[in-house]
Each structure stands twice: as C-alpha cells, then as structure tokens.
There are 2 protein chains.
Amino acid sequence: MKNNSHGLKNISTIVLNKLCAYLEISQQGKEKTLIQKPAEEIAELLQLEKWVKEGGLDPVSTNLFMDAYLANSQHLHHPHYMGHQVAVPHVASGIADFIHGVINNPMAIYEMGPSAAVIERFLINWMLEKVGWFKGTHLSDFRNLKNNGGGVLTHGGSLANLTALSAARAAIAPEAWINGTPDDLVVLAPEEAHYSIARSISIMGMGQNAVISVPVNTLKVMKPEALLPLYRKIKADGKKIMAVVANACTTATGLYDPLDEIGHFCEENNLWFHVDGAHGASALVSNTKKHLLKGIERADSLIWDAHKMLRASSLCAAVLFKDRKNMERAFQQKGSYIFHEKEEIGFDTLPYTVECTKAALGTKLFWVLAAEGEKGIANYIDNTYNHTHKFYQLIQQHPDFTCLCEPETNILCFQHTKFRTDNDFQLAIRNELIHKGNFYITSTELNGVRYLRLTIMNNLTKESHIKALLDEIIEVAKSLTP
Amino acid sequence: MKNNSHGLKNISTIVLNKLCAYLEISQQGKEKTLIQKPAEEIAELLQLEKWVKEGGLDPVSTNLFMDAYLANSQHLHHPHYMGHQVAVPHVASGIADFIHGVINNPMAIYEMGPSAAVIERFLINWMLEKVGWFKGTHLSDFRNLKNNGGGVLTHGGSLANLTALSAARAAIAPEAWINGTPDDLVVLAPEEAHYSIARSISIMGMGQNAVISVPVNTLKVMKPEALLPLYRKIKADGKKIMAVVANACTTATGLYDPLDEIGHFCEENNLWFHVDGAHGASALVSNTKKHLLKGIERADSLIWDAHKMLRASSLCAAVLFKDRKNMERAFQQKGSYIFHEKEEIGFDTLPYTVECTKAALGTKLFWVLAAEGEKGIANYIDNTYNHTHKFYQLIQQHPDFTCLCEPETNILCFQHTKFRTDNDFQLAIRNELIHKGNFYITSTELNGVRYLRLTIMNNLTKESHIKALLDEIIEVAKSLTP
C-alpha cells in the first residue's frame with residue numbers, strides 16, 4: 001500500500017464498502033452483537049505476525065483482513081447492543097476520525113491545526129452555554145471575558161476528572177504545585193462515584209484515605225442533609241475539604257444526585273463543587289430532561305463525555321469550569337520549546353491539559369452536530385431516556401423479572417427472579433448471554449447484590465428487542481437451573 | 001446526513017476525494033504549509049454556529065466545508081513541514097482511525113473490541129521485543145510469563161510518563177496508594193527532560209521541589225558521573241530517590257542521554273530507571289541506529305510514542321515495563337460494575353491505564369506496519385536521521401548560518417548569524433516565516449539562547465527544500481534588518 005493519494009483511495013474504498021456492509025447488517029439486527037474468541041485465535045485470523053514483519057497490505061488482503069477484523073469486533077450499531085456507556089457512534093463522527101487520521105492536526109498548539117482548534121473552542125462555548133457559564137455575545141465569541149467559564153476537551157472522562165481535581169487542589173492549596181500537597185486535604189464523594197475519582201486522588205498522592213464517603217440512600221443517591229454534619233466533623237478533625245463530588249448520573253444505576261441542594265451547601269460553605277456528568281450531562285441539551293441537572297450552574301467544575309450520549313466515537317470528553325481562571329491554575333508547568341515561542345494569533349489549549357500532543361477531539365462532536373443539529377441530539381437523548389422508561393415498565397410487569405428502581409436515564413438494572421436471586425446466578429445468566437452472543441448487556445453490584453444492567457445507547461432498540469432479550473434470559477435461566 | 005450506510009457512503013466519498021487532493025498537493029510541495037487566520041475568521045468560514053444549531057450537512061455543503069477546513073489546517077504532508085515532532089501520518093493510519101470512528105470499539109475491556117485488543121497486545125509484544133523485555137516464544141504469545149515485560153498503549157506521552165512514574169512510586173512506596181505519598185521522595189531528571197515529567201510530579205502531589213536536576217553538559221546531555229555524588233547528597237539529606245529519568249532523546253536538541261552508564265548506576269544502587277523515549281525509542285527498529293539506545297534494556301520503564309517516528313496519527317503512545325508486575329502495581333483501583341464481572345476470555349487493559357474508555361490505539365500503528373512492514377519503518381527512520389545529518393552539513397557550511405551541534409536524530413538546531421545572533425532576532429525570523437506560510441519550523445531555547453529548530457518528519461523533504469528554506473530565511477533576515 002502506497003503512502004499517497006492512490007494508496008489512500010484504493011484501500012479506503014475497500015474499507016468503506018466493508019464498513020457500510022457491517023453497518024447495514026448491524027443496524028438491521030442481523031448476525032451476533034459479539035463473538036468473543038480467544039486472543040491467540042484472533043491473532044492468527046488477522047495474520048498479525050506476517051503483516052508486522054512483512055508489510056505489503058494490498059486490495060485483496062485488505063478485503064480479507066477487514067472481514068476477520070469486523071467479525072471479531074463488538075457490534076455497537078446492533079439494536080441488541082445495550083452494554084457499556086460508550087457511544088453507538090454517529091457515522092459522521094467516523095468521518096471526522098478519518099480526516100484527523102489522514103491530516104493529523106493535533107491542535108493543542110493553534111498552529112498545529114487552526115480549524116480543529118477553533119472547532120474545539122466553539123464547542124466548549126456551546127457546552128458552557130448549556131451549563132449557564134458562557135458570558136459571550138455569541139458562540140464564536142472567543143474573548144476571555146471576566147467571569148466567563150472555560151474548558152477543554154481531553155482524552156476521556158478519567159483524565160477530565162483528574163484535571164478538575166487538580167484545579168480544585170490549586171484553588172485551595174496554590175503552593176501544592178511547588179511544595180507538594182498538604183496532608184490535611186480530603187475529598188467528599190458518594191461511594192458510587194466513578195472509580196476514576198478515587199483513582200485520581202491516589203494518583204495525586206493524597207491516598208484513598210483522603211476520600212470520605214458521603215452518606216447515600218439505599219439507591220446510592222447522595223443525601224445532601226448528610227453534608228453539614230460531615231463537614232463539621234472534618235473541620236473538628238483539623239482537615240480541609242478540597243472538593244465535594246456529585247454524580248450526574250451514577251454509572252451503576254443512572255440516578256442523579258440532587259445537584260441543587262449540594263451546590264447550595266457548597267456555596268454556603270465556600271467549598272469546591274465538582275460534578276461528574278460524564279454520562280448524564282448530555283441531558284442539558286434536552287429541554288424535557290435538563291431539569292434532572294437543576295442547580296448544575298452552582299458547580300465549580302463539570303466533566304461531560306461527548307463519547308457517551310453525544311454520539312462521538314471515543315474519546316471526546318470535556319472538563320468545564322465556571323471560572324476560567326480556575327482552569328488556568330490546574331497545571332502550572334512551562335516548557336521553553338513550546339510555550340511563548342510565537343506571536344499569539346489563535347489560542348493554545350496545551351497549558352490546560354495533561355496532554356501535550358492532543359488529537360482533534362472536537363471535530364468528532366462537531367460532525368455529529370453538523371449532521372443532526374442540536375435538536376437531533378436532543379431527540380436522541382429524549383428517545384433513549386423515554387424508551388428506557390418504557391422498557392422498565394415492560395420488565396417490571398413481567399412475572400419473572402424485577403427492576404431495581406424506576407430509571408431516570410437510559411440505564412436500567414434488573415434481575416431474573418423466578419428461580420434464584422443470588423449474585424452467582426445473575427452473573428451466570430450474563431456470562432451465558434455473552435457466550436451466545438445475540439445480546440450484549442452488562443451487570444453491576446449494588447449493596448452487595450448483583451443486577452443485570454442495560455444501557456440503551458441505540459435509537460434502534462425497540463420494545464420487540466427487549467422482549468426478545470427477556471425471552472433469551474428466560475431460556476438461559478432455565479438452562480442454568482437443574 | 002443520514003446515520004446509515006447510505007449517509008456514510010455519500011459523505012465519505014466526498015471527503016475521501018478532498019483528502020486525496022489535499023494529500024497530492026501537499027506531497028508535491030504546492031501551496032503553503034500553514035495559513036494561520038484568526039479564530040473568529042475561521043469560525044465564520046466554517047459556519048460553525050449554523051451547523052451546530054441546525055445540522056443538515058449534505059453532499060454540497062460537505063464539499064464547501066472540507067475546502068474551508070483543509071485550507072485552515074497544518075499541511076504536515078508538505079515537504080516544507082519541519083515543525084513539531086508529530087507524525088506526518090502514513091495514510092494507512094488514517095484508515096485505521098476511520099474504522100475506529102465508525103465501529104467505536106474501545107477495547108480497554110476485551111469484550112468491547114476483541115480484534116482491537118489483540119492488536120494492541122501484539123504490538124506491545126513487538127515493542128517489548130525491540131527493547132529486549134519479551135520472553136515469549138513468538139509475538140502472539142500472550143501468556144503472562146515470569147520475568148516478562150508488560151505494557152499498554154495510552155493517549156499520549158504525557159500520560160505514559162505519568163503512568164510510569166506512578167509505577168515507580170508504587171514500587172518504592174506501596175502504601176502511597178492508600179495513605180498518600182511520603183514526603184521524602186525525589187526524582188532525578190536532567191533539566192531538559194520533557195515538561196511532562198515535572199508536571200507529572202506536581203500532579204502526583206510531590207511538588208516541583210521534588211524534582212532534582214542532574215548535571216548536564218553544555219548540550220544538556222546528562223553526565224552520568226554526576227549521579228553518584230548527587231545520590232550521596234540526597235541520601236545524606238534523608239531523602240529517597242523514586243526514579244532516575246533519562247531522555248532518549250531530548251525534545252530540544254534530539255540528543256540521547258548515555259543510557260548504558262545511567263542504567264549501570266541505577267542497577268548498582270537499586271534505583272528505578274525511567275527512559276523517556278517518546279521521540280527517540282523508535283530508533284530501536286533500525287539496525288543502524290539502535291546503538292544510540294545502548295543499555296535501554298537496563299531501564300525499568302520506557303515510554304515510546306508511535307505518533308511520532310512510527311507514523312501513527314496522534315495519539316498512540318506506549319508505556320513499557322521490564323517487569324510486568326510493576327505495571328500491575330501502578331494503579332490499584334477497583335470498580336464493581338466493570339472489573340470482575342465476567343469470565344476472562346481475553347485480557348483487559350483497563351486496570352493498567354488512566355483511561356477507562358480507551359480508543360483502539362494499536363490499530364493506528366498496526367495499519368502503518370501492515371502497509372510498510374517493520375523494514376519500511378526502519379528505512380523511514382534511517383532516512384530521516386541520515387537526511388538530517390546531510391542538512392546539518394549543508395547548513396553548517398553556509399556562511400550565514402551556524403548549527404548548535406551535530407545532530408544524532410532528525411532534530412536540528414541552528415541560527416542565522418550574519419546580522420545578529422540575539423534571541424529576539426531568531427524569534428522574529430521564525431515568526432515572519434510562519435506568517436509567510438511557505439515553511440513550518442519551530443524554535444527552542446538552550447542555555448538562554450534561542451535557536452531555529454527543524455524536525456525532519458517527512459521522507460519527501462530533500463536537500464532542495466532545505467536550500468529553499470535557507471534562501472527564504474536569508475530574505476526574511478534582510479527584511480528584518482534596517
């Protein structure tokens with residue numbers, strides 16, 4: 001394969017045809033969602049050793065390679081994909097990835113991709129406006145206005161959480177960057193916070209002991225009334241609260257913490273309020289769902305993954321700040337070869353991200369919006385949330401099943417309860433389902449109890465698919481029961 | 001634009017044609033490398049507000065959008081691109097991005113992309129073999145053998161450095177994850193270490209004061225003989241060395257630290273040795289250049305960016321460990337909804353990365369290798385390194401120019417010295433060059449002195465292009481001299 005326009009055209013055309021066929025079959029719900037072979041077998045099928053040693057991929061072999069590659073992929077476009085919370089990507093996002101891959105404009109330095117840099121900054125303004133943190137006159141207003149929010153796109157929600165927490169630390173302990181983190185800082189988070197919160201705190205050198213669990217109800221939703229006594233106790237212990245973290249929504253159940261009450265408490269006590277909206281912040285785009293995020297404008301920082309409910313391929317996550325100055329404080333490092341070496345004609349995001357080289361992340365989201373418009377995205381969110389509620393009623397009414405709770409989002413936890421309700425049985429059902437490969441769902445644990453878990457990421461998932469899923473679970477449950 | 005195979009085919013075909021034309025014109029050295037317009041103007045040209053609000057991208061508007069988008073991009077395929085160290089991507093890497101974007105298989109959990117997961121693990125074996133850390137019988141040997149190396153691909157070198165340093169911390173202070181980092185740890189690094197090293201240390205809560213500069217020569221290459229006295233002093237001060245960091249190569253000058261001597265010292269004193277090979281580790285693929293990395297197998301950890309000299313589009317970085325067990329210690333967090341919920345049929349990289357959702361990074365590098373074979377990559381590295389040495393001789397011999405030093409890699413620092421040698425003048429030359437847009441080069445500072453800086457990332461860059469660059473610099477220098 002030649003590294004020129006002929007090579008690109010010849011091979012891309014073959015790949016495009018394969019992708020179109022894959023898409024069609026998947027969207028029609030044909031074939032399996034996942035066939036999971038052992039790694040050694042896949043390596044053999046893909047002839048990895050040969051290609052790496054010898055090269056020489058050509059049209060004929062590309063055809064064969066693509067067949068093997070796609071056959072051993074997860075089929076997210078299939079209406080039976082109801083698994084992890086990653087986007088069933090809009091095809092427009094794939095086109096953005098294609099452009100990025102061919103031209104490689106890593107725009108964290110404006111010069112390295114002006115178009116891509118402008119698109120990212122524009123989308124940050126769009127997101128800030130949805131949160132209520134944008135003070136410009138129109139979305140192309142790129143001035144760093146006083147009291148304006150700020151934000152940056154980064155490679156994933158975990159990195160976004162790490163960035164937000166670094167900013168929170170810089171705000172309460174500005175000397176930490178130079179002298180190290182003082183050992184009296186703690187972070188309050190509900191136990192259902194995404195693992196990247198606690199992981200960030202450990203990466204940041206504070207240790208797991210610095211994460212204090214905020215009391216939650218039986219569904220793991222934060223009790224805002226528990227904050228004040230906790231705050232008093234921490235103060236009495238001589239510790240300082242670096243941040244209060246809330247979920248919007250939780251990964252396991254998809255329930256939102258009461259942001260307004262938590263925000264009010266943080267304002268009253270001058271505490272940094274961070275919202276992990278990786279999954280649920282997208283509801284801000286929907287007029288009928290944004291009430292779930294009431295009070296979010298009280299937060300100091302927010303993360304929001306576009307590679308979940310905004311249909312961008314992974315990764316494309318935003319970390320947003322109510323006050324841009326806080327973003328500027330998160331990282332304070334300089335490098336002479338890259339900073340301050342040129343006249344400023346645009347803007348560099350480099351100082352505000354962990355990444356030095358960064359991909360053109362904004363273009364993924366932009367292409368989805370350019371295809372669908374923000375109304376199209378709002379419809380998608382409404383549909384997935386509303387469908388999930390319908391599916392909840394369907395499952396809840398079925399004599400063999402019980403749902404954990406009424407869903408607020410597109411995440412739904414349930415159990416097959418006809419024969420056994422124990423964890424091993426639910427896990428065994430899930431494993432057998434995956435083994436059969438007709439459906440892809442996940443599972444989760446809450447209060448020590450294992451649930452089957454659906455995330456409806458696909459607009460094509462209809463009631464008939466859920467009925468077929470329940471039938472398959474019933475069959476599997478029978479087969480597992482002696 | 002429809003989210004189905006018709007939509008994908010219609011719009012991709014237009015985009016592909018535009019990319020082919022862009023590639024052809026760029027590779028032929030036509031038009032400018034960079035036209036850098038102000039952000040507001042680009043936002044207007046791209047009609048961002050309209051697309052985000054209304055959507056509806058169709059074939060006609062895609063054509064217009066692509067023209068505006070590509071015109072305001074950095075043209076890395078142009079032989080006059082000699083700027084930052086990001087890949088002039090092989091077009092095969094763009095095809096990998098296209099596939100990822102359409103099917104979105106974030107394979108950090110095996111189930112979410114078996115093909116992509118296997119490719120990543122295979123390439124990690126390939127890289128480990130180049131370093132001398134692979135103990136398997138063939139590259140598809142995925143067993144976790146005793147004393148085998150380990151590694152993972154991550155979104156960029158900065159994140160890779162952070163991961164390696166987290167592992168170094170876990171090795172010397174296993175309790176840090178739970179109790180916080182002890183305050184007696186320091187890291188030794190030459191002052192020319194990439195800014196992400198010091199930044200990682202601050203993110204990790206240790207503060208800049210924990211970074212101790214190792215003495216270097218006038219070209220900022222580490223003096224290994226300086227390590228022992230420094231080590232004794234640090235010990236006498238009651239501090240512990242968490243890691244010794246070396247550059248392979250430095251960002252500014254492209255010179256390699258003497259890894260063998262540093263490795264020997266670290267072995268003698270039982271210290272963690274980390275090599276930042278983001279740019280220069282790729283020379284391991286070349287039989288004629290790998291001597292520059294002599295002793296690298298003595299390291300405990302190594303980072304290696306495939307989105308630099310291995311021609312993958314950004315991002316695709318590896319963090320590699322001599323001992324896989326050290327990788328497993330870097331992060332210790334658990335999350336019940338994602339870990340341990342299934343039978344293990346393949347392997348998950350999730351526990352070893354900062355990222356939870358991760359893109360199919362390995363496929364970018366794999367496609368380049370499948371196109372070129374490892375010999376093709378070796379030739380590319382040889383060529384760029386050898387060409388740079390020729391260009392050095394050419395520039396050095398020119399009466400108007402002086403080079404900083406003989407280059408070891410494809411990075412070259414020089415000055416126009418006919419009229420003035422001061423920093424402002426060199427910067428003014430660079431700024432005016434960028435303004436004209438015919439060439440893209442960078443600049444760097446060493447010992448307080450500003451140099452113009454080339455990185456030869458493009459095989460198409462020939463002597464004639466360098467002569468044209470020198471002519472343009474001479475003209476610019478004249479125009480800046482009253």
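Is A:Glu31 buried or exposed? In this predicted model, A:Glu31 is exposed, because its relative accessible area of 58% lies over the 50% cut-off. The residue belongs to the loop that links helix 1 (5-27) and helix 2 (39-45) of chain A. B:Gln47 is located in the loop between helix 2 (39-45) and helix 3 (48-54) of chain B and is partly exposed, with a relative accessible area of 41%.

The largest nonpolar core contains 234 residues, and within it A:Trp367 and B:Trp367 touch the most other members. Helix 13 (residues 361-397) of chain B supplies the largest share of this core, namely 13 residues. The contacts of B:Trp367 involve both chains: with residues up to four places away in sequence left out, they include A:Ile11, A:Val15, A:Leu57, A:Phe65 and A:Met66 from chain A, and B:Ala92, B:Ile95 and B:Ile99 from chain B. A separate core of 68 residues lies apart from the largest one, with A:Ala278, A:Phe321, B:Leu185 and B:Ala210 among its members.

Another tryptophan, A:Trp51, is found in helix 3 (residues 48-54) of chain A. A:Trp51 counts as buried because its relative accessible area is 5%, which falls under the 20% limit. Among the residues that A:Trp51 touches, again leaving out those up to four places away in sequence, are A:Leu46, A:Leu57 and A:Phe65 of chain A, together with B:Phe366, B:Leu369, B:Ala370 and B:Gly373 of chain B.

Helix packing within chain B was also considered. Helix 1 (residues 5-27) and helix 4 (residues 59-71) of chain B pack at an angle of about 30°, and their axes are 10 Å apart. Since angles under 35 degrees count as roughly parallel, these two helices of chain B are therefore roughly parallel to each other. The crossing of helix 1 of chain B past helix 4 of chain B is right-handed. Helix 1 contributes residues including B:Ile11, B:Val15 and B:Leu19 to the contact, while helix 4 contributes residues including B:Pro59, B:Met66 and B:Leu70. By type, the residues of this contact comprise 8 nonpolar, 2 polar and 2 charged.

Finally, cis peptide bonds were identified. One joins A:Ser314 and A:Leu315, with omega about 0°, and A:Leu315 sits in the loop between strand 7 (301-305) and strand 8 (317-321) of chain A. In chain B, a cis peptide bond with omega about 0° joins B:Ser314 and B:Leu315.

Terms used:
Residues numbered from 1 in each chain as written. Chains lettered and ligands numbered in written order. Predicted model: local features only at pLDDT ≥ 70, side-chain atom pairs only at ≥ 80, totals over all residues. Heavy atoms only, no water. Core = buried A, V, L, I, M, F, W, Y, C linked by side-chain atoms within 4.5 Å. Buried < 20%, exposed > 50% of the residue type's maximum accessible area, 1.4 Å probe, protein only. Helix = DSSP H or I, 4+ residues; strand = E, 2+ residues; numbered from the N terminus. Contact = heavy atoms within 4.5 Å. Axes fitted to C-alpha atoms, helices over the stretch in contact; angles between N-to-C directions. Parallel < 35°, antiparallel > 145°, perpendicular 65-115°, else oblique. Left-handed = near helix turned anticlockwise from the far one by under 90°. Nonpolar A, V, L, I, M, F, W, Y, C, P; charged D, E, K, R; others polar.
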